[in-house]
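Colleague: I am learning how to read a structure feature by feature. Could you take me through one, giving the general idea before each case?

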Amino acid sequence: MSGARSKLALFLCGCYVVALGAHTGEESVAEHHEAEYYVAAVYEHPSILSPNPVALISRQEALELMNQNLDIYEQQVVTAAQKGVQIIVFPEDGIHGFNFTRTSIYPFLDFMPSPQVVGWNPCLEPRRFNDTEASYKEDRF
């Protein structure tokens, strides 16, 4: 799994918690729904992208671009949760964009060890490996 995808997976887990009303002490609209269905939302915005996706940028620049998009996602998750949304879907490339070369995508990726070789849960041990900054952010969850 690429770093951006793992970041999105972790972000969506956080979205799920927020959407269930864990961020406030108030009862969520979603709690009134029957178990047969849930309230879903789809969100997309013009992503903040690298101006030249084929040019190699630094890891720090890549993280800054991805975090700008994640900040927007975070705002939208809170808004959706306040409206009773329980699950929200974002575009696959919404955090980092597309049209990269094999070389220019590298700064956007996180290292993910093989689960057959290493037992690692990035939620429990976010700093176990270098180059995993996109998988967590201290103040995000």
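Predicted model: local features only at pLDDT ≥ 70, side-chain atom pairs only at ≥ 80, totals over all residues.

Colleague: Let us begin with the helix; what span should the 24 residues of H2 have?

Modeller: Helices (H or I, at least four residues) and strands (E, at least two) are DSSP runs, numbered from the N terminus. The expected span of a helix is 1.5 Å times one less than its number of residues. For H2 this gives 34 Å, and the end C-alpha atoms are 34 Å apart, so the two values agree. After H2 comes Gly84, which has a positive phi near 90 degrees.

Colleague: Which residues of H2 are buried?

Modeller: Here is the general idea: an α-helix has 3.6 residues a turn, so residues three or four places apart point the same way. Buried means under 20% relative accessible area, exposed means over 50%, and partly exposed lies in between (1.4 Å probe, protein chains only). The buried residues of H2 include Arg59, Ala62, Leu63, Leu65, Met66, Tyr73 and Val77.

Colleague: What does Leu65 touch?

Modeller: Contact means heavy atoms within 4.5 Å. Leaving out residues up to four places away in sequence, Leu65 touches Ile48, Leu49, Ser50, Ile57, Ile95 and Phe108. Leu65 counts as buried because its relative accessibility is 13%.

Colleague: Where does Ser50 lie, and is Ser50 buried or exposed?

Modeller: Ser50 sits in the loop between strand S1 (40-42) and helix H2 (59-82). Its relative accessible area is 9%, so Ser50 is buried. Apart from neighbours within four places in sequence, Ser50 is in contact with Ile57, Leu65 and Phe108.

Colleague: What does the side chain of Ser104 reach?

Modeller: A polar contact is a pair of N or O atoms within 3.5 Å; within protein, one must be able to donate a hydrogen and the other to accept it, and residues adjacent in sequence count only if both atoms are side-chain atoms. The side chain of Ser104 reaches the backbone oxygen of Pro53 at 2.6 Å, and a polar atom of that side chain lies 2.8 Å from the backbone nitrogen of Thr101. Ser104 is placed in the segment after strand S2 (87-89), and it counts as buried because its relative accessibility is 1%.

Colleague: How many salt bridges does the structure hold?

Modeller: Side chains of opposite charge can pair when their charged atoms come close. A salt bridge is a side-chain nitrogen of Lys or Arg within 4 Å of a carboxyl oxygen of Asp or Glu, and the structure holds 2 of them. In one, Asp110 pairs with Arg59, the closest N and O atoms being 2.5 Å apart. This pair links distant parts of the chain, with Asp110 in the segment after S2 and Arg59 in helix H2, 51 residues apart. Asp110 is buried at a relative accessible area of 7%, and Arg59 counts as buried at 17%. Arg128 forms a salt bridge with Glu125, where the closest N and O atoms are 3.5 Å apart; Arg128 is partly exposed at 42% relative accessibility, and Glu125 is partly exposed at 35%.

Colleague: How many aromatic pairs are there?

Modeller: A pair of aromatic rings is described by the distance of the centres and the angle of the planes. Rings of Phe, Tyr and Trp (its six-membered ring) pair if their centres lie within 6.5 Å; planes under 30 degrees apart count as stacked, over 60 as edge-to-face and the rest as tilted. The count comes to 5 aromatic pairs. The rings of Tyr73 and Phe90 have centres 3.9 Å apart and planes at 20 degrees, so this pair is stacked. Tyr73 in helix H2 and Phe90 in the segment after S2 are 17 residues apart, and their pair links distant parts of the chain. Tyr43, Tyr73 and Phe90 form one aromatic cluster.

How values were computed: Residues numbered from 1 in each chain as written. Heavy atoms only, no water.
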